[in-house]
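Morning, everyone. Please bring up the model on your screens, and we'll go through it together.

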Amino acid sequence: MAYYIKTVWPPGGQEEGLDDEERTEFAEGQKRAAKHFIKCDGFFLYETGHKNKGKIGAKAIFAKGTVQAPFKVITIQDKCYSTDKGEEKKFPYHVKINLGKNERVNSRDGVSLNTIRKVLKKPKDKMRQKGGLIEIKKDQFDKLYSELKKCSQKAKNKKM
């Protein structure tokens, strides 16, 4: 069994229109990470604190998902983004994913980085992993899922 936290750049979780059948992307040189990811039993999406498209990331888990069949890495050669610093980053590797409607929130309402660190028992400098993947254990996955459900309930209560 493999579980991951997959990092995405903002405004990933701040978008209202996330499709249920999205793709997650892996940068140039991260094909190996993408191949590990397709074998996972579940994952969370974590929005980094980077600034992109005029928005600053929430540093929070905002969605739970699974990899969608056919479990393979798709290569799209011309997929790239410009960063706020004017650099161009290529993201040629894609994996189709399913995000459940009731298993995601706006990233600003998500599981905070401090809570993630407490659950994972990881110091500040150990949160970054090559390929944007942080492998976690089943019990950590379950605890973070419980936290995400609490965040979802709080967000629903705020709307009422």
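One definition before we start: buried means under 20% relative accessible area, exposed means over 50%, and partly exposed is in between, with a 1.4 Å probe and protein chains only. This is a predicted model, where local features need pLDDT of at least 70, side-chain atom pairs count only at pLDDT 80 or more, and totals for chains, interfaces and linings use all residues. Residues are numbered from 1 along each chain as its sequence is written, and side-chain values use heavy atoms, with hydrogens and water left out.

Salt bridges, then. I mean a side-chain nitrogen of Lys or Arg within 4 Å of a carboxyl oxygen of Asp or Glu. The structure has three. Helices (H or I, at least four residues) and strands (E, at least two) are DSSP runs, numbered from the N terminus.

Take Lys-138 with Asp-142. Their closest N and O atoms are 2.9 Å apart. They sit four residues apart in helix α3, so about one helical turn separates them. Lys-138 is partly exposed at 38% relative accessibility. Asp-142 is partly exposed too, at 36%.

Next, Glu-147 and Lys-150, at 3.3 Å. These are three residues apart in α3, again about one helical turn.

Lys-64 and Glu-103 also pair, at 3.5 Å, N to O. Lys-64 is in strand β6 and Glu-103 in strand β10, so this bridge ties together parts 39 residues apart in sequence. Lys-64 is buried, at 14%. Glu-103 is partly exposed, at 22%.

Now inside. A nonpolar core is a set of buried Ala, Val, Leu, Ile, Met, Phe, Trp, Tyr and Cys residues joined through side-chain atoms within 4.5 Å. The largest one holds 38 residues. Which members touch the most others? Ile-5, Phe-37, Phe-44, Ile-61, Ile-136 and Leu-144. Helix α3 gives the most to this core, with five residues. Look at Leu-144. Its contacts (heavy atoms within 4.5 Å) include Ile-5, Phe-44, Ile-61 and Ile-136.

How many of the six residues of β1 are buried? Six. Tyr-3, Ile-5 and Thr-7 are covered on one side, and Tyr-4, Lys-6 and Val-8 on the other.

What does β1 pair with? Pairing takes at least two DSSP bridges between strands. Six bridges join β1 to β3, running parallel. Four join β1 to β12, running antiparallel. Tyr-4 stands opposite Phe-43 in β3. Ile-5 has Ile-134 in β12 as its bridge partner.

That's my tour. Over to you.

Conventions: Lists of a residue's contacts leave out its neighbours within four places in sequence.
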